[in-house]
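Dear colleague,

Please find the structure below, followed by a summary of what was found in it.

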Amino acid sequence: MTFRMYQLTTLSLFFISSCASQKVVSFQHDIDPILNEKCLHCHKSPDGVGYVQTGLEMVSYDSLMKGTIFGTVIVPGDSKRSVINKVIEGRAGEMMRMPHGDAKKLTTEEIELLKIWVDQGAMNN
Ligand code: HEC
């Protein structure tokens, strides 16, 4: 049962990535709306909790690319090394999975879009 579900998940992920990778992901149309809906309320100055703790603001492309007080969260072209992809995919552990708390979760498609967008160079397109 568990194995079957794993196979199905792998299959659908493969399906999603092979469809989505045929088009260029747009920051304006695809990524920004996701961040606005699911991340911005915590990653906004002056009192968003994620902003207060890390300095990471998501009000614009530039603020996102600036990253946290510790450094950038996006390595253009490399989602494997990008902190933003690590924390939404759960690769940094459950405690660090974003979005935190009761915030609306990201869908598998949204996680995949963020990955493709970073791998395509994290463009301001
Ligand atoms: C409910 C509040 C909340 C929401 C919603 C939220 N975050 Fe965060 N975020 C935080 C807090 C708090 C931190 C500081 C680190 C910690 O406590 O885990 C943080 C830190 C981060 C970091 C920095 C991690 C590091 O190690 O430097 C990234 C990247 C991040 N968030 C991305 C996101 C993304 C992408 C979303 C939307 C999908 C999101 N966050 C939604 C609260 C939130």
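Among contacts in the protein chain between residues at least 6 apart in sequence, what percentage join residues at least 24 apart? The figure is 52%, where a contact requires C-beta atoms, placed from the backbone, within 7 Å.

This is a predicted model, in which local features need pLDDT of at least 70 and side-chain atom pairs count only at pLDDT 80 or more, while totals for chains, interfaces and linings use all residues. Residues are numbered from 1 along each chain as its sequence is written.

The protein chain has six helices and zero strands (DSSP runs, H or I of at least four residues for helices and E of at least two for strands, numbered from the N terminus). Of its 125 residues, 22% count as buried (20 or more other C-beta atoms within 10 Å of the residue's own).

Helix H2 (residues 27–38) packs against helix H6 (residues 108–119) at about 130°, with the axes 10 Å apart (lines fitted to C-alpha atoms over the stretch in contact, with angles from 0 to 180 degrees between N-to-C directions). By class, the contact comprises six nonpolar, no polar and two charged residues.

The ligand is surrounded by 23 residues (C-beta atom within 6 Å), the closest being Cys 39, Cys 42, Gly 50, Pro 99 and Ala 103. Helices H3 (49–54) and H5 (83–89) each give two or more residues to this shell.

Kind regards

Technical notes
Ala, Val, Leu, Ile, Met, Phe, Trp, Tyr, Cys and Pro count as nonpolar, Asp, Glu, Lys and Arg as charged, and the others, Gly among them, as polar. A residue is buried if 20 or more other C-beta atoms lie within 10 Å of its own, exposed if 12 or fewer, and partly exposed in between; C-beta atoms are placed from the backbone. Two residues are in contact if their C-beta atoms, placed from the backbone, lie within 7 Å.
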